[in-house]
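These are my notes on one model, kept in the order in which I looked things up. I turned to the side chains and then to a pocket.

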Amino acid sequence: MPDRPTALELLEAVRGFLETEVAKGAADPRLRFRALVAANALSIAARELVLDQTSSAAEARILRELLGEAPSGAPPAEEARALASELCRRIRGGQAPREAAAAVRRIVEGKLATASPRYLTGKSRGCSRKVWTSRKSCMRFFSMRMVCVPSPISTKRL
Amino acid sequence: MPGAVSEELRRELTARLPALVAGPVEVAHLALLAGGASMEAWAVEARTPRGPLSLVVRRASGGRIYRDALSLEHEHALIAEAHRAGVKVPRPYGFLPDLLGHDAFVMERLHGETVGRRIVRLPELANARALLPVQMAEELARIHALNPSRLPFLPGSGGPSATRRAVEGLVAQLDSVGEPHPAIELGVAWLREHLRDTGPAVVVHGDFRIGNFVVGPDGLVGVLDWEFARVGDALEDLAWPSVKAWRFGIDHLRLGGISDERPMIERYSELTGRAVDPAALRAYELLGNVRWSIGSLQQAQRHLRGEEKSVELAILGRLACEVEHEILQLLEMR
């Protein structure tokens, strides 16, 4: 088992460094902007670590139901990608399932929960990002959007 | 690296600028404004017998250029044509096919605010924001009146339908990304079935939005970034500044985060005699969102393929889902 700080805690440390020391101290506005973009990138990575495979598993399940497919047994990300490709083929061929838009919306909201949770909550930039790297709030938010979060969810520290 | 390059560039510009501005020039100050793997922009403060001159030098920097963008030579030719037609653009001074080994062109440096997030927020630009919608209409009316036969290098000329070409072009770009994106596919499917040409094809700027303007206290000073110009439907330009990503966080002001769309559309119709159907405008807003969702994925690909390593480009791959969400919203409203 790796020692502390954990991967998540390291990401959080670097994010803080970018936001407070690099961005705030930067005289060049372009550097300041890039430092904030980089900090945001680390927030996304942290949320992805917290959610682990939950997001892909939920996406795969939504797509299986939509397309009437059985579980392929592949790792969730791989299965979700294959099913999404199949859905794209059907839409392109004019054979989109009737419920496609609703299912795709749930999937996109799931992606937003990792990449840009504030886009959905409508909270302005600059509010605390910390909340999104806590496992509990991340999962709560995620399950709100995706409806069907598979259990069990491990509670061990990442 | 910029230090050594800038000294060499200063010497080269000192030698080359006199022919472009028709008189002696001393390069007093040279600074890199923006630099990527494919393109640089240099600010030049020059002294001439007629007084100081602020210039911008746009120069290729060797990396892979965006496939769908105009070359610097063509961009310069287009700006020159727009300038002749009275469009608010920086005065062009000339194309240099070999400025230290790369294409470049020289233009006037306009002074004002260019950062979209600041244009929509700065209290001292409130008056400018009130004037901008009508000014945008006036510039678009001039741009759309440019004669495409004088600009034969613009993509999109010829063929039966500008709209069909635009949509099929996006499909090809989406396929080149090589990732499944069902939300974008749903948008494309709707556009294929419903999007129609609204009039004869015209010269469109292709990236006409608040973030590509120079804005001063009296509003629009100049329109920049012409590299995505093409021949297309006028509504592509009219709807593009209303794409949610270009409202810079002020979402309730649909026109670029500064205003309602009505004053721009009304003035445009008045000047061109073209009625703009609101439903058609919404359809072109969807086209704009589909275009930007694919654009975001392509920018991330530039990073992932090593064509231009940049955290700013990389993160767009993850933020494309914001645009996908907007596509679904717009589809739901039909």
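Over the face of which residue does B:Arg334 lie? I note that the model is predicted. I looked up B:Arg334 and found it over the face of B:Trp190, at 4.6 Å from the ring centre.

Charges over rings, continued. I recorded B:Arg209 over the face of B:Trp246, with 3.7 Å to the ring centre. B:Trp246 also belongs to a cluster, in which ring pairs link it with B:Trp240 and B:Trp292.

Aromatic pairs. I counted three aromatic pairs over all chains. I then checked accessibility and found both B:Phe208 and B:Phe213 buried.

Second largest pocket. I noted a volume of about 940 Å³ for this pocket. Its lining comprises 36 residues, and those closest to the centre are A:Glu48, A:Glu59, A:Lys111, B:His181 and B:Arg318. I listed the elements that give two or more residues to the lining: from chain A, helix 2 (29–51), helix 3 (54–67), helix 4 (76–92) and helix 5 (100–115); from chain B, helix 6 (182–194), helix 9 (278–304) and helix 10 (311–332). Helix 5 of chain A gives the most, with seven residues. By residue class, I sorted the lining into 19 nonpolar, nine polar and eight charged residues.

Definitions and conventions:
Residues numbered from 1 in each chain as written. Chains lettered and ligands numbered in written order. Predicted model: local features only at pLDDT ≥ 70, side-chain atom pairs only at ≥ 80, totals over all residues. Heavy atoms only, no water. 1 Å grid on protein atoms, 1.4 Å probe; cavity = no way out; pocket = protein on both sides within 12 Å on 5 of 7 lines; lining within 4 Å. Points joined across faces, edges and corners; volume = space filled by probe spheres on them. Helix = DSSP H or I, 4+ residues; strand = E, 2+ residues; numbered from the N terminus. Nonpolar A, V, L, I, M, F, W, Y, C, P; charged D, E, K, R; others polar. Phe/Tyr/Trp six-rings, centres within 6.5 Å; stacked < 30°, edge-to-face > 60°. Buried < 20%, exposed > 50% of the residue type's maximum accessible area, 1.4 Å probe, protein only. Lys NZ or Arg CZ within 6 Å of the ring centre and 35° of its normal.
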